[in-house]
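The structure to which my notes refer is placed below.

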Amino acid sequence: MSREPGGIDVDGLVREDRVHRTLYTEPGIFREEMARVLERTWVFVGHESEVPQAGDYRTTTIGRQPVILSRHTDGQVYVLLNRCMHRGALVCRGERGNSSIFRCIYHGWMYNTRGDLVGVPFPGGYGEDFELAEWALRRAPRVGSYRGFVFASLAPEGEGLEEHLGRARAYMDLLLDAAPEGTITVRSGVERYAYPANWKLQIENLLDGYHPNFTHQIAFEISERRRGTSGRRANSEGSGATARTFGRGHGVLHYGAVNRGYAMEGGLPAEYVTSLRQRLGAERAGEVLAADIQLFVFPNLFFQGARQHYRVVRPVACDRTEVEAYPYTLDGAPEALNRRRVRGLSWWASPAAFGQPDDLEAFVRCQEGLRVEAADWVLFSRGMHRERIDADGEVVGDITDEVPQRGIYREWKRLMRRGGS
Ligand code: FES
Ligand SMILES: [Fe+2]
């Protein structure tokens, strides 16, 4: 068996149709995947509309490392590593806010929102050659954004953001073009949940079209009773809905015309449809309105178009994960429409909602079941014999097939093998 740096036999642990149980249970593998995957590739950090004014900031993590997304007086957005250059304390503890200065709680070193060290208390204690400029907060070496979505990589070199996103951009366009002004705003709060199981259980699940009829049976029943709609049929084998992957671990569930579309539920205000047609033309507006997709952007970002939100997956330990779900509003859309869509998130994914808590129960059961040592493999072979490549180069399968999960592990393996992009 070939051993690689870190002592992990990546090829032995991840095969085309299965992965080894230790991917979920071994702290050593977790450490390596944080270093080689999350802390190397492009990771979603936050949306520009979360920090609209100079001095606005929000904190988050890239892999295990704390960062600050901030807007400086020069109008630029920065991704700063949240670590005082004196003796290492977080310089910003708050989750979000506005401040012209990050003042370290420990000895009072002060940084501006671009990370420059602008003052240290009692400077006489440092020699004449002490240069403030040398002790600026470190920044993520690469930062890029697409339609307001800010991504960063902790690796100084590697493929560009455009290359990383690839066809995911076209799907982001499909979701974001639903905004009459072409932009969204992410200031409607956040639903947050944590569960005691591995982060990959969540990213596998985001595009798992096999489980809803079973895990979410109760939610579908309630939904049918209340509104006369259900996702049940669309999530059945042979429904015509598809599961897809298209490189770099990204993937999509495409319900297309199968679901009549949550987007259409309750009807759409005529002025909204008109404004979309004006901006996009009738054909594109039709495509956007008919789109019913869920999109996963590897390794940590997921969009559920119908419930107008995105989620960010934050691995904490090999058996602990935090997830944040951000509803967004479509700029230029009628307020009633935005409100109705944002409410859809709390119906499905809040801690007391009808959908998401059942997934979390499934993750915890997996984490516990995977302690069994007599069985090595977690199986992702479903639909391998019937997947096809379409004209755009996407790998396409039935909605219930494990096509996106195979895509995720191909990318995981690529990054683990070469130590990042
Ligand atoms: S650790 Fe920040 S000022 Fe000392
Ligand atoms: Fe689910």
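**Entry 1: α9 and α10**

I looked up helix α9 (residues 270–280) and helix α10 (residues 282–290), which pack at an angle of about 125° with their axes 7 Å apart. The model is predicted; local features need pLDDT of at least 70, side-chain atom pairs count only at pLDDT 80 or more, and totals for chains, interfaces and linings use all residues. Residues are numbered from 1 along each chain as its sequence is written, chains are lettered from A and ligands numbered from 1 in the order in which they are written, and side-chain values use heavy atoms, with hydrogens and water left out.

I took helices as DSSP runs of H or I with at least four residues, numbered from the N terminus. Axes are lines fitted to C-alpha atoms over the stretch in contact, and angles run from 0 to 180 degrees between N-to-C directions. α9 and α10 are therefore oblique to each other (under 35 degrees is roughly parallel, over 145 roughly antiparallel, 65 to 115 roughly perpendicular, and the rest oblique). I noted a right-handed crossing of α9 past α10 (the near helix is turned clockwise from the far one by less than a right angle).

On the α9 side, Y272, V273, L276, R277 and L280 make the contact; on the α10 side, A282, R284, A285, V288 and L289 do (contact means heavy atoms within 4.5 Å). I recorded eight nonpolar, no polar and two charged residues in this contact (Ala, Val, Leu, Ile, Met, Phe, Trp, Tyr, Cys and Pro count as nonpolar, Asp, Glu, Lys and Arg as charged, and the others, Gly among them, as polar).

**Entry 2: α6 with α12**

I found helix α6 (residues 199–206) packed against helix α12 (residues 356–369) at about 130°, the axes being 10 Å apart. The pair is therefore oblique, and the crossing of α6 and α12 is right-handed. L201, Q202 and N205 of α6 meet Q356, D359, F363, C366 and Q367 of α12. The residues of this contact comprise three nonpolar, four polar and one charged.

**Entry 3: the iron site**

D359, listed above in the contact with α6, also coordinates the iron ion (ligand 2).

Conventions. Helices (H or I, at least four residues) and strands (E, at least two) are DSSP runs, numbered from the N terminus. Donors are N, O and S atoms within 2.8 Å of the metal (3.2 Å for Na, K and Ca); water is not among the atoms, so sites may look incomplete.
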